[in-house]
Amino acid sequence: MTDDQPAPPADLPTHVDLAQDFADSGVAEVLADLDRELVGLAPVKARIRETAALLLVDRARRRLGLATETPTLHMSFTGNPGTGKTTVALKMAALLHRLGYVRKGHLVTVTRDDLVGQYIGHTAPKTKEVLKKAMGGVLFIDEAYYLYRAENERDYGQEAIEILLQVMENNRDDLVVILAGYADRMDRFFASNPGFRSRIAHHIEFPDYSDGELLHISEGMLSRQNYTLDDAARAAMAQYIAARRGQPHFANARSIRNALDRARLRQANRLFGEAKGPLDAAALSTLTEPDIRASRVFAGGLDVDRASRQAAAE
Amino acid sequence: MKMTQGQFSFLPDLSDDDIRVQAQYAIDKGWAVSVEHTDDPHPRNTYWEMWGHPMFDNPDAAAVVFEVNECRKLYGGQYIRVIAFDASPGWESIRMAMIVNRPAVEPGFRLVRQEGEGRSVRYTIESYAMREPEGARYP
């Protein structure tokens with residue numbers, strides 16, 4: 001600091017202890033939670049760590065009177081379905097709450113239907129209602145690009161966008177907006193709504209999970225419900241993941257969760273049909289190879305998808 | 001003459017931040033906060049016009065301040081108040097009410113004497129603003 005700069009007012013502290021701040025804010029817990037609960041997603045975790053560091057430093061600067069403006073905190077999460085966007089948004093809300101950037105830290109998840117009305121004059125109150133509910137917390141707009149319909153210039157989505165932009169700008173202290181959706185469609189959405197791009201400071205991309213990570217995730221999901229895979233079933237699951245990825249409507253962790261739900265169904269059915277005597281806990285909680293192998297994914301996918309692919313090939 | 005009704009009306013006008021803190025107190029107590037406006041300042045005028053629905057499910061008072069400011073855009077020349085309704089059994093009534101906006105000029109009240117039977121006189125008050133029709137009372 002040079003001499004000609006004004007001295008900070010007397011009531012401000014002259015130095016801050018960032019490590020102490022970090023420990024006091026409870027941010028470390030949120031970050032540890034994030035690491036523990038989410039498999040993979042290394043670039044996302046790195047970005048969140050950076051964001052947390054930035055906000056912590058910014059808070060310290062404000063305390064010293066070096067910065068007065070609230071930083072722009074609106075974000076966009078882009079990535080394929082089932083890559084953990086909603087989960088990370090929840091963590092982000094907790095993080096911002098711990099750092100004192102939002103007062104309540106609740107997450108309000110909405111899609112186009114919650115914001116856009118069905119007739120003239122319906123959209124504005126609806127959007128405002130949602131925004132009011134999200135104040136003091138985080139508004140998570142899933143598949144945000146549906147708000148803008150390029151093919152219909154009288155679409156009410158445009159009205160919702162205008163109100164959203166206005167509140168994002170004027171009530172920056174009151175709420176944080178996170179837009180989420182597929183990467184390519186979000187890019188197009190931002191291209192046609194430059195107002196959004198400039199108001200969003202943090203763009204975070206969610207990569208697809210690798211096969212190994214998905215296997216790890218599937219075991220984590222099962223162990224939370226007190227199920228296990230035996231060795232043959234684990235091998236089958238690995239093949240299942242590789243096969244499922246090549247088929248339509250693959251939604252990363254969500255596909256895995258659905259597959260496991262169906263495997264549990266088949267396991268229950270198998271136990272019911274085969275069991276002669278009493279079953280022990282291990283039998284009730286082990287998924288075996290046939291439970292996984294029976295999936296239609298190994299037969300080339302759903303009948304409707306197979307039919308449409310054959311039609312396309314012919 | 002500054003009209004005094006409800007809470008804090010002898011204090012200087014509430015700032016947005018004051019409103020937020022008070023409304024947050026009501027929300028944290030579980031009361032439904034709503035915004036109302038009127039141009040009839042008579043103390044017995046209990047039913048004011050509602051500005052939107054009572055806010056039952058907003059966890060943060062920023063929404064109340066937002067609505068007060070929206071109401072000011074349209075009815076900035078009238079009285080606006082924030083009330084908090086307690087729905088818990090035994091209360092089912094207003095627990096807080098504060099004026100958050102008032103007209104630039106408040107002409108005050110006049111005393112009206114009415115001759116009754118015999119030599120009795122009935123007294124009442126009437127706002128000078130009430131001589132004008134609705135909507136034209138506060139320029």
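In helix H3 (residues 42-63) of chain A, A:Glu50 and A:Arg47 are three residues apart, and therefore about one helical turn separates them. In this predicted model, the two residues form a salt bridge, with their closest N and O atoms 3.8 Å apart. A:Arg47 is partly exposed, its relative accessible area being 26%. Over all chains, the structure holds 35 salt bridges.

A:Asp174 and A:Arg103 meet through their side chains at 3.1 Å, N to O. A:Asp174 lies in the loop between helix H7 (157-170) and strand E4 (176-181), and A:Arg103 in the loop between helix H4 (85-98) and strand E2 (107-110), 71 residues apart. A:Asp174 is buried at 14% relative accessible area, whereas A:Arg103 is partly exposed at 33%.

A salt bridge of 2.9 Å, N to O, connects A:Asp155 with A:Arg112. Because A:Asp155 is in the loop between strand E3 (138-141) and H7 and A:Arg112 is in helix H5 (residues 112-115), the pair ties together parts that are 43 residues apart in sequence. Both A:Asp155 and A:Arg112 are buried. A network of salt bridges with shared partners joins A:Asp33, A:Arg36, A:Glu37 and A:Lys91.

Between the chains, 11 residues of chain A are in contact with 13 residues of chain B. The buried area is about 1100 Å², and carbon and sulfur atoms give 55% of this area. Five salt bridges are found across the interface, including one between the side chains of A:Lys132 and B:Glu67 at 3.0 Å, N to O. Helix H6 (residues 123-134) gives the largest share of the chain A side, three residues. That side comprises two nonpolar, three polar and six charged residues.

Terms used: Residues numbered from 1 in each chain as written. Chains lettered and ligands numbered in written order. Predicted model: local features only at pLDDT ≥ 70, side-chain atom pairs only at ≥ 80, totals over all residues. Heavy atoms only, no water. Contact = heavy atoms within 4.5 Å. Buried area = accessible area lost by both parts, 1.4 Å probe. Salt bridge = Lys/Arg side-chain N within 4 Å of Asp/Glu carboxyl O. Helix = DSSP H or I, 4+ residues; strand = E, 2+ residues; numbered from the N terminus. Nonpolar A, V, L, I, M, F, W, Y, C, P; charged D, E, K, R; others polar. Buried < 20%, exposed > 50% of the residue type's maximum accessible area, 1.4 Å probe, protein only.
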